[in-house]
Amino acid sequence: MEARALVCPGCGGSVQLRGMTQTASAVCIQCLSIIDTTTPELRIIQQFMAAQRTLPLIPLGTRGKLRGDLYEAIGFQTRQIEVDGMAYEWREYVLFNPYKGFRYLSEYDGHWNDILPIKGLPIPTSGGVSYLNESYKHFQTATAETTYVMGEFPWKVMVGEKADCTDYVSPPRMLSSEKSGNEITWSIGEYMTGAQIAEAFQLKTALPDARGIYANQPSPFGNSVGSSWTLAVFLIAALAGVMVLSSMFMSQKEVFRQKYSFFPRTGVENSFVTSVFPLEGRTTNVELSVNTSLLNQWLYFNFALINDDTGEAYDFGREVSYYNGRDSDGAWSEGSASDTVLIPSIPPGRYYLRVEPEVDAASISSARGVNYEIVLRRDVPFNIPFGIAALLLLIPPVFTTLRKTRFEQARWQESDHAPAASDDDDSDSGDDD
Amino acid sequence: MSRPAGNCPQCGARIEFQFSCAVQTVCEFCKSIIVRRDVDLALVGKVATLPPNSSPIQLRSEGIWNNKAFHVAGRIVYQYGLGGWNEWHLVFQDGKSGWLSDAQADFVLTFPLEPSEPLPQKDTLQTGNTFEWSSIRFHLTTLTKAHYVGVEGELPFEYWDKSEVLFADLRSADAHFATIDYSEEPPLLFLGESVTLDQLRMKNLRSFEGW
């Protein structure tokens, strides 16, 4: 017959036992005595003081299902580490199932870990350890002190007991070693959210929200970075395909080409009209190109594309200028001797072009003049929107990458390997080594 | 198979060996330890009351490991720093013995292995020492001094009148387990691995109220 309760040798109060005979110590909550339950003598290991009694978020005696197996919360302790004179406290729960043995939960700032002792031995690597072909990065080494205990433990627990704890992470997993005396124990934790814990134990009260980013918290961008890049590249490739395909179906037909020479004369009207040319097919764009012999000069064109039948005119102006030279920095150039403009949505019909070149008369010698050629093409591919779309498609992966980087920075900020911002963190890890 | 039988030299109760490999058993009525020598049953001692035990395993539990069925035939009970600890004697269908240790519901299944070289002397042992058996590299992780408490059921050797026993526990990177038992001279080596009761497909386990 296993005892379900024992009489506290300190105060005579009743101490409920949930761990059958598999635990090694039990706490009397009335007089805060820790009782050795491994022998019938029920020796008191320690009587401790508690400035305040912490209540476990999972009440002892609560049962919950973790990864398919039923466990009962039978023990609770708070532990703390000190970094730069600041104490950081977390909570640990001892879970028990008579057929499965012991399991543990830890909670810090609303972040939970489901912890099991491991059976093998991790192998040290340059930046951490490797276990069962998975590599874990060193995160933190610190001395943990037990500050408060409740319930039962499979070891002889003591308040004030210290252990050197080292954490290695490979989110969502964490390998931890605890060294007290000569004994090193290893355990593996897997990250859990408060919502998962509340669900597993059917808790009535909501658990506190997680604050900050925890050592082995899985990154919400873990796989999304790679896949967002894959998606963007795929969409851009598809877009390029559409672009190529659509240009194959565009006629890009040259409808007009004519060479001109321009000799500016003051007081004379320089405008002229071209011959009539047909624009066929559907309503679509017309591309006008001007190629000039300008050099260190500028020319301004007033254009009008005029429908010969309706008289409807599309007016637009273009400035063409090209300068080059050589200075102390070497050769330079500015502008271009040619210009291209797209006139969208021109209905089919018979058209002519009115051209009026303007110039600062002094800059162009009337003797030499300027040669230029006007070319009109109907139904040409318009690539700029494709370029913009491609750039827009790159925004999500770039953004996700940046957010992942920021998430990882926030994770490692809490480690012994935080960026140089706080030198003190580094000296802490040094002390512990 | 004819089961060797006889009467308890102490109380006269019927003694029947269930397993032919067993050489020692405990009389269920008077808790006398009885060993089989040739055809005679000899009384060698008496088991004190065993401490309360919460192991889910019990005599006559059964299981299957590597497609071989086994029965739980007996156990040796030790006491160490963290409480009681059972070494359950398993008898497989091919007559071979295995050991299922249960310390705080942490289960390890091991089988005896004849080492090719002599095992280390107990006073040379230090945690961190490495050894290689069956092409597996083991690291010595724990040295445990345990007190022999008692026996129950059938065992493949005579085991009684012990006091303090030293065990060296070793682990490998890939979760293999080894233990050296210094209760005999020369010491005994056992090799195996951590297991769960589900992996052993156990039947006839003890039932716990509410579980």
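This is a predicted model: local features need pLDDT of at least 70, side-chain atom pairs count only at pLDDT 80 or more; totals for chains, interfaces and linings use all residues.
For chain A, the mean pLDDT is 89, and 94% of the residues reach 70 or more. One stretch to treat with care is residues 422-433 of chain A, where the pLDDT is below 50. In the model, that stretch has 12 contacts beyond near neighbours in sequence.

Back to β16 of chain A. This strand also pairs with β15 (residues 173-180), again in the antiparallel sense, over 8 bridges. Here A:Glu178 has A:Thr185 in β16(A) as its bridge partner. Together β15(A) and β16(A) make a hairpin with 2 residues between the strands.

Now let's zoom out on chain A. The domain assignment gives domain 1, covering 5-200, and domain 2, covering 251-380. How far apart are the C-alpha centres of these two domains of chain A? They lie 82 Å apart.

On to chain B, and to a sheet we can walk through strand by strand. It is an open sheet of 3 strands in the order β3-β4-β5, with antiparallel pairing. Which strands of chain B stand at the edges? Those are β3 (24-26) and β5 (40-46); each has a single partner strand, so one side of each is left without a neighbour in the sheet. On average, neighbouring strands in this sheet are turned by 30° against each other, direction ignored.

Let's look at one pairing in that sheet. Strand β4 of chain B, residues 32-37, is joined to β5(B) by 6 bridges, and the two run antiparallel. One pair to find on your screen is B:Arg37 with its bridge partner in β5(B), B:Asp40.

Last stop: where the chains meet. On the chain B side, 22 residues are in contact with 18 residues of chain A. And what is the make-up of the side of chain B that touches chain A? Its residues divide into 10 nonpolar, 9 polar and 3 charged.

Notes:
Residues are numbered from 1 along each chain as its sequence is written. Chains are lettered from A and ligands numbered from 1 in the order in which they are written. Domain bounds come from an automatic or database domain assignment. Two residues are in contact if their C-beta atoms, placed from the backbone, lie within 7 Å. Ala, Val, Leu, Ile, Met, Phe, Trp, Tyr, Cys and Pro count as nonpolar, Asp, Glu, Lys and Arg as charged, and the others, Gly among them, as polar. Two strands pair if DSSP finds at least two bridges between them. Helices (H or I, at least four residues) and strands (E, at least two) are DSSP runs, numbered from the N terminus. Axes are lines fitted to C-alpha atoms, for helices over the stretch in contact, and angles run from 0 to 180 degrees between N-to-C directions. pLDDT is the predictor's confidence in each residue, from 0 to 100.
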